[in-house]
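Open the structure in a viewer and keep the sequence panel beside it. The stops below say what to select and what is found there.

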Amino acid sequence: MQNIFVEVTSLDKRCIETFALSEEVMMEHAANTIAQLIRSRFTPHSSLLIVCGSGNNGADGLALARLLEGEYRVTVHLPLGASSPLAHLQRERIESLGMKHSSVEGDYDIIVDALFGSGLNRPLGPSAVEIIEQMNSMSGAKIACDVPSGLYPDGTFGNSVFDADITVTMGGLKRSLFSDSAKEITGEILVANLGVPRHFYETESSWKLLETTDLNLPHRTHASTHKGSYGHLSVVCGEKIGASVIAASAALRFGTGLVSIISNENVTIPHELMQSHSLPSGTTAIALGMGLGEEFCDDELSQLLDNTHPMILDADIFYHPIFPDLLKRPNIVLTPHPKEFTQILRLTGIADIDVNTLQNDRFGYVEQFCAVYPNTVLVLKGSNVIIGAGEVFYINPHGTVALAKGGSGDVLSGLIGALLAQGYSPLDAAIQGSLAHTIAAKHFEKNNYALTPFDLIERICIL
C-alpha cells in the first residue's frame, strides 16, 4: 500500500530543508519524469502540445518543453503569461533555445496540461475554462501535470476540468485524486520523483492507497483441519431471500467452513447452505441487513443478537430501530452505499445532509464518523471505496462500473462476513473483502454491463 496525503506543500518544504534541494532541482526532476514517460510511450517526433499556466505548474511544463525539444514536435502555449520566478526562468530558458510559445492551432498526438497544480482554490475564469475545453476537445493522448487542471484539493471540480488519460502527480499521492468524481478524469496515476526516493520524501500518513498486491487470500495452510476450523457464518434472512442467499454463497466461496441462513420460515436455498430458525451454537460471525425488510420484529432481533459475535451490517439494518444499539458493540463492520451513509449520519446526529453533499466531501464525513465511533469499521462504497477505522483510512481504487448492479453489495457483505467468521479482525476483513470484491470484478472478461452477483462469486476462486 502507498501513502496518500491531503497536502504536499509541507513535504516539499521538508525536502528542501532536510535534503538541501532547491525548488528548481525538484522541478527539473518532475519535468524529467514526464519526459521519460512520453519517451517510453510515444514515438519520437510525435506532435506535442504543452499548455502552461503562469505559476510553478506552468514552469514544470516549460521545463518539459526544453527537455523534449528536438525529440518531439513541441508547441508551447502560455496563455496566462508567467508570474512566478521559476516560470520566468523556465520561459527564458526555452526562448534561449529558439523555442517560441504560440497560440494553439490544429490537433496534436500528445497534450500536456500544466495550467494549474494541486493548489487551485478558486473557480476558473472564462479564459481558463475555454482553454481546458479546447484541450479536452483534442483527440490526442492527454497527460496532466500534478493534477488535472480544475480539480480542487477536496476532490471536487467546478464548471470545467481537464480530462486526463494519465496524471503524473508530484512527489506523493494527493487525496484529491481519489474522490469518486475525480475517477472520471484522472486516468492512470503515476508519481514523479522530485530528487530523492519517495520513502525519503514522504512522511507517515493516516491515509493509505490499497494495491492489488495487498490482497491476502484465506488460503488453507494446515493439513489437519475440518470444516469447523474455518468458522460458521450465520446470515439473517429477511423479506428479500435472494440477498441473503447471495451473501451466504459468497461467504462459502471465500473459505468459511459452514454457512447458515437464519429465517423465520423454511425457504428454498442452495443445497450447500444450511438453514435454521435460531442462531446455531457454533456461529462465529453474523451477517445482518441485506434484504432484511421488516421480517424480524425488534424482540426477535434483540434475542438473535444477544451475543458478542463479530458482525457485518448492511442495507436495511441502517433504517431499523435497533441500529443505534448495534453501534455500541465491538467488532462490527458497516458497508453502506452513499444514501445509506447519509441515513447513518442523520441517525447518529453527526450531519443531516443529502447524497450530493456527502459525495462532495466523502473524506471529511468518513473522518467525522470514525472520530465519533472509533471502534467501528466503516466501508463506504463507491467508485473509490473508503475504509475507515478510528484514525486510519484506506482507499480501494480498483472498483469498476461492472459492480453497479443489484446484488454486488450482498457479495461484498458475504466476503467480509466470511473473513470475520474465520477470525480476521474487522479491519482486516473489510480490507481483504473489499480488495477481493473489486479484483474479482476486474477479472470479468465479458461486457462490463453483464456482470451478475454469481459471476462475481465464481471469480473469487481464480484470484
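The model is predicted.

**Stop 1**

Now select residues 258–262, which make up strand S11. S11 and S12 pair in the parallel sense, over three bridges. Within this pair, Ile 262 stands opposite Ser 276 of S12.

**Stop 1: helix H13**

Select residues 408–421, the 14 residues of helix H13. At 1.5 Å a residue H13 should span 20 Å, and its end C-alpha atoms are 20 Å apart, which agrees. Is H13 enclosed by the rest of the structure or open to the outside? It is largely enclosed, because 14 of its 14 residues are buried. After the helix comes Gly 423, which has a positive phi, near 100 degrees.

**Stop 2: Ser 149**

Select Ser 149, in the loop between strand S5 (141–145) and strand S6 (166–170). Its relative accessible area is 0%, so Ser 149 is buried. Show side chains here: that of Ser 149 makes a polar contact with the side chain of Asp 113, at 2.6 Å. Leaving out residues up to four places away in sequence, Ser 149 touches Asp 113, Leu 115, Phe 116, Ile 132, Ser 160, Val 161 and Phe 162.

**Stop 3: Asp 109**

Next select Asp 109, in the loop between helix H4 (85–96) and strand S4 (110–114). With a relative accessibility of 37%, Asp 109 counts as partly exposed. What does the side chain of Asp 109 reach? It reaches the backbone nitrogen of Ser 47, at 2.8 Å. Beyond its neighbours within four places in sequence, Asp 109 is in contact with Ser 46, Ser 47, Arg 73, Gly 140 and Ala 141.

Asp 109 and Asn 356 are 247 residues apart along the chain, and their C-alpha atoms are separated by 37 Å.

**Stop 4: the cysteines**

How many disulfides does a search of the whole structure find? The search finds zero. Select Cys 15 to see one cysteine that is in no disulfide: the nearest cysteine sulfur, that of Cys 145, is 16 Å away. Cys 52 is in no disulfide either, and the nearest cysteine sulfur, again that of Cys 145, is 8.6 Å away. Cys 15 is buried, with a relative accessible area of 0%. Cys 52 also counts as buried, at 0% relative accessibility.

**Stop 5: salt bridges**

The structure holds 15 salt bridges. Begin with Glu 188 and Arg 41, whose closest N and O atoms are 2.8 Å apart. This pair links distant parts of the chain, with Glu 188 in strand S8 (residues 188–192) and Arg 41 in helix H2 (residues 23–41), 147 residues apart. Glu 188 is partly exposed, at 35% relative accessibility, and Arg 41 is partly exposed as well, at 40%.

Move to Glu 367 and Arg 175, which form a salt bridge with the closest N and O atoms 3.3 Å apart. Glu 367 lies in helix H12 (residues 362–372), while Arg 175 is in the loop between strand S7 (173–174) and S8; the two are 192 residues apart.

Then select Asp 180 and Arg 362, another salt bridge, with the closest N and O atoms 3.6 Å apart. Asp 180 lies in the loop between S7 and S8 and Arg 362 in helix H12, so the pair ties together parts that are 182 residues apart in sequence. Both Asp 180 and Arg 362 are buried.

To finish, select Glu 24, Glu 28, Arg 66 and Arg 93 together. Salt bridges that share partners join these four residues into one network.

Terms used. Residues numbered from 1 in each chain as written. Predicted model: local features only at pLDDT ≥ 70, side-chain atom pairs only at ≥ 80, totals over all residues. Heavy atoms only, no water. Helix = DSSP H or I, 4+ residues; strand = E, 2+ residues; numbered from the N terminus. Expected span 1.5 Å × (residues − 1). Buried < 20%, exposed > 50% of the residue type's maximum accessible area, 1.4 Å probe, protein only. Polar contact = N/O pair within 3.5 Å; in protein donor to acceptor, adjacent residues only side chain to side chain. Contact = heavy atoms within 4.5 Å. Disulfide = S-S within 2.5 Å. Salt bridge = Lys/Arg side-chain N within 4 Å of Asp/Glu carboxyl O. Pairing = 2+ DSSP bridges.
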